[in-house]
Amino acid sequence: MYFHGLGVALVTPFTENGAVDFAAVAKIVDNLVEGGVDYILVLGTTGETPTLTTDERKALIRFVRERVAGRVQLMVGVGGNCTRDVVATLRTWNLSGYDAVLSVNPYYNKPNQEGLYQHFKAIADASPLPIMLYNIPGRTGVNMAPETIARLAKDCPNILGVKEASGNLEQMERIKALTPSDFLLISGDDGLTVEVIKRGGVGVISVLANAYPAETKEVVDLALLGNIEEAEHQLKALDGIISALFEEGNPVGIKTALHLKGVCSNTMRLPLVSGSEALQAKMKNLIAEYEK
């Protein structure tokens with residue numbers, strides 16, 4: 001089904017000299033597809049998108065589209081705190097081969113709810129693709145209220161749903177109560193995947209799945225099938241790794257894990273820096289314990 005199940009917020013691996021490592025991108029994408037993920041998000045938070053140049057963003061859009069070659073659905077992050085810039089990007093960039101746009105709350109400006117509504121209304125009007133809202137107040141400084149989300153769902157037929165990363169389960173319940181039955185609620189937190197599905201969510205856009213796609217897919221599928229106890233058991237086994245992923249911020253943790261698994265370097269772009277020696281040692285032990 002359309003954006004049901006496991007989505008993955010793709011990391012952007014870099015070479016040790018800081019260039020985008022397209023060979024590693026290919027390796028990760030193939031591993032995700034083989035691991036059974038339902039869709040891949042390019043240019044999300046986990047992709048260190050604010051540090052990428054315009055040319056690099058376009059190159060990643062093109063490269064992932066060609067590498068996936070229709071094997072799974074694709075979502076692309078197009079958001080920002082200047083509405084006109086986001087609208088211009090949506091109107092001028094080649095997004096062919098992608099199935100939807102994920103657009104994050106405007107950050108830094110801290111608009112009120114009417115400002116959020118007008119921002120996303122303008123994006124919906126301009127977009128050639130369906131829109132998935134992305135509410136992540138911990139990063140953007142502003143929370144999109146359930147009433148605003150419901151208003152957008154009513155007024156903009158091409159807004160499919162919301163990736164909810166507020167961590168507020170009561171808010172998610174209210175979103176489900178206020179929006180049409182086909183409006184998609186997607187977890188933005190790996191650790192809350194099962195809890196969100198229990199409240200009517202249709203899956204997760206995962207960080208963890210960059211390293212453990214098949215295992216994360218099993219958790220999501222079990223929960224969607226109603227096997228909640230088994231899903232919770234499988235997720236609990238990953239609790240330590242999930243916690244460590246965010247100990248020094250995302251995507252520092254997931255790149256540390258991928259580096260330890262031999263997938264890509266742990267090179268970051270400033271202002272982010274590679275995981276500390278303490279995090280690397282902790283993650284190494286957690287991976288060994290989980291995989292034994």
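On a 1 Å grid over the protein atoms alone, a pocket is an open set of points where a 1.4 Å probe fits, with protein on both sides within 12 Å along at least five of seven lines, and its lining residues have an atom within 4 Å of a point. The largest pocket has a volume of about 800 Å³, where a volume is the space filled by probe spheres set on grid points that are joined across faces, edges and corners. The model is predicted, so local features need pLDDT of at least 70 and side-chain atom pairs count only at pLDDT 80 or more, while totals for chains, interfaces and linings use all residues. Residues are numbered from 1 along each chain as its sequence is written, and side-chain values use heavy atoms, with hydrogens and water left out.

- Thr49, Pro50, Gly79, Val104 and Tyr107 are the closest to the centre of the largest pocket among the 34 residues that line it.
- At least two lining residues of the largest pocket come from each of helix H2 (54-68), strand S3 (73-77), helix H3 (83-92), strand S4 (100-104) and helix H5 (137-140); helices (H or I, at least four residues) and strands (E, at least two) are DSSP runs, numbered from the N terminus.
- The lining of the largest pocket comprises 16 nonpolar, 13 polar and 5 charged residues, with Ala, Val, Leu, Ile, Met, Phe, Trp, Tyr, Cys and Pro counted as nonpolar, Asp, Glu, Lys and Arg as charged, and the others, Gly among them, as polar.
- The second largest pocket has a volume of about 220 Å³, and of the 16 residues that line it, Tyr134, Ile136, Arg139, Gly188 and Asp189 are the closest to its centre.
- By class, the second largest pocket is lined by 7 nonpolar, 6 polar and 3 charged residues.

**Nonpolar cores**

- A nonpolar core is a set of buried Ala, Val, Leu, Ile, Met, Phe, Trp, Tyr and Cys residues joined through side-chain atoms within 4.5 Å, where buried means under 20% relative accessible area, exposed over 50%, and partly exposed in between (1.4 Å probe, protein chains only).
- The largest nonpolar core holds 82 residues, of which Ile40, Val64 and Leu133 touch the most other members, and helix H1 (residues 22-34) gives the most to this core, with 6 residues.
- Leaving aside neighbours within four places in sequence, isoleucine 40 is in contact with Val8, Leu10, Val29, Leu32, Val33, Val68, Val72, Gln73, Leu74 and Met75, contact meaning heavy atoms within 4.5 Å.
- A second, separate core has 17 residues, including Tyr39, Met132, Leu160 and Leu184.

**Aromatic pairs**

- The structure holds 4 aromatic pairs, in which rings of Phe, Tyr and Trp (its six-membered ring) have centres within 6.5 Å; planes under 30 degrees apart count as stacked, over 60 as edge-to-face and the rest as tilted.
- Phenylalanine 22 and phenylalanine 63 form a tilted pair, with 5.1 Å from centre to centre and 55° between the planes.
- Because phenylalanine 22 lies in helix H1 and phenylalanine 63 in helix H2, this pair ties together parts that are 41 residues apart in sequence.
- Phenylalanine 22 counts as partly exposed at 28% relative accessibility, and phenylalanine 63 counts as partly exposed at 23%.
- Ring pairs also link Tyr2, Phe3 and Tyr39 into a cluster.

**Backbone geometry**

- Most residues other than glycine have a negative phi, and most peptide bonds are trans.
- The peptide bond from asparagine 250 to proline 251 is cis, with omega near 10°, and proline 251 lies in the loop between helix H11 (239-245) and helix H12 (252-260).
- The peptide bond from leucine 270 to proline 271 is likewise cis, with omega near 15°, and proline 271 lies in the loop between H12 and H13.
- Alanine 69, in the loop between H2 and S3, has a positive phi near 50° although this residue is not a glycine, and alanine 69 counts as exposed at 59% relative accessibility.
- Lysine 110, in the loop between S4 and helix H4 (113-126), has a positive phi of about 55° and is exposed, with a relative accessible area of 56%.

**Two individual positions**

- Threonine 179 is found in the loop between helix H7 (169-178) and strand S7 (184-187), where threonine 179 is buried at a relative accessible area of 9% and touches Ile149, Ala150 and Ala153, not counting residues up to four places away in sequence.
- Alanine 278 belongs to helix H13 (residues 277-291) and is exposed, with a relative accessible area of 56%; alanine 278 and glutamate 16, 262 residues apart in sequence, are 21 Å apart in space from C-alpha to C-alpha.
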